[in-house]
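Here's a quick tour for anyone meeting this structure for the first time. Have a look at the picture, then read on.

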Amino acid sequence: MKKILALVLVVATMITVAGCSGTTEGTSADSDDVKVWKFVHEESVGSVQDQFAMKFKELVEEKSDGKIRVDVYPVGQLADGVGAIELLRYNAVNFAINNPATVATIIPENQLLMLHYVFSDDMEVNRRVLNEGNATKELDRLYMEKDMIPLNWFQEGFQVITSNFPIHTPEDMKGFKIRVMASPLLIEAYSGYGSNPTPVPYMETYSNLQLNMIDGQVNPVFAIEEMKFYEVQEYLNFLNHEVFIATFCTNPEFWDSLTDEERAMVEEIQEELDQYIFDVQNQYSQERLEKILTNKPSIEQIEYTDEERAAFQEKAQIGYDEYLRLTGEEGQKLLNMLQEDIAATEKELNQGV
Ligand code: 6CS
């Protein structure tokens, strides 16, 4: 607790020194009475999360006629992913994007979104499920109990495993030291394939790969490109076993301090943001792959037949067992909801409704 309060105080001071008139008490205002909203995310400038944040900034500043300014702080400027969640919950920042791993210890049920083979292969199905389904509504409730209010759920692309040897079967992963995000479920799920999952901070992953302290890692294509992981890896394994999901949140203290008009404005722009970020991640998945292939033509891509994928899917059951061990009845309820959401949406889209 002391550590968290110290982080909040340090960050409040940093924001003030940077001239953003930051306070730890919700919205701040600069000398021209312009309200300043503080937004932190976990990725680099130009990433999917950064594009989301910059679009949010553009829309808010435009719709408020310049009466509100949004200051965006990418990862590392204020805190890492886990630290950013604490800044949000203590209202040292007003908005944050997080992923299921960064909240795994406070909302274990959220690891549902990292289960392997749980999502549809059709990203449009997933987009609808995340924004209109019952599972995320139930997760919203769990977030609120922890002083966070989800405003949008979005995908950043399929997770791709990078390695220095080809992976065709789970047997190929035996002893493979793979960097994963720090989530108990992910560690168990990747152990299920026979690998040796190792949590390493995002920002230290490149150097760990370079120094052979780990053999590989898993992330969406855009991240593999912008974090330069491909430079020190030889294979891109497109298993399509997991989708990277992010959650855009505010906190109750800040939300309650807004006017009705401001709240309505933030809610209204979510629909536009939703489509925008869906298109960005789609475009990045293609463009960034081309960039990787141009910069490193020797890198090999591995695709899987249904049969090959099924061999991994069978092993993925271990992740489900761990998820249910960690979350009990609530976890089972959420899993049922998500599977029903996906089945209903796939049916709806296939029928062209
Ligand atoms: O693997 C990670 O830790 C990170 N990956 C992405 C794509 N975003 C942020 C997260 O911390």
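## Strand β2 and its neighbours

Strands β2 and β3 (residues 68-73) run parallel, joined by six bridges. Within that pairing, W37 has V70 of β3 as its bridge partner. Keep in mind that this is a predicted model.

As for β2 itself (residues 35-40), five of its six residues are buried, so the strand is mostly covered.

## A helix in between

Helix α2 (residues 48-63) belongs to a right-handed β-α-β unit, together with β2 and β3. E58 is partly exposed at 41% relative accessibility, whereas K55 is buried at 16%.

## Salt bridges elsewhere

How many salt bridges turn up in a search of the whole structure? The count is 22.

One of them links R263 to D260, with the closest N and O atoms 2.7 Å apart. Both sit in helix α10 (residues 260-295), three residues apart and so separated by about one helical turn. D260 is exposed, at 55% relative accessible area.

In helix α12 (residues 317-350), E330 and K333 are also three residues apart, and their side chains meet in a salt bridge at 4.0 Å, N to O. E330 is buried at 18%, while K333 is partly exposed at 38%. Then there's a network: salt bridges with shared partners connect E124, R127, R128, D274 and E348.

Terms used. Residues numbered from 1 in each chain as written. Predicted model: local features only at pLDDT ≥ 70, side-chain atom pairs only at ≥ 80, totals over all residues. Heavy atoms only, no water. Buried < 20%, exposed > 50% of the residue type's maximum accessible area, 1.4 Å probe, protein only. Helix = DSSP H or I, 4+ residues; strand = E, 2+ residues; numbered from the N terminus. Pairing = 2+ DSSP bridges. Right-handed = clockwise from strand over helix to strand, strands pointing away.
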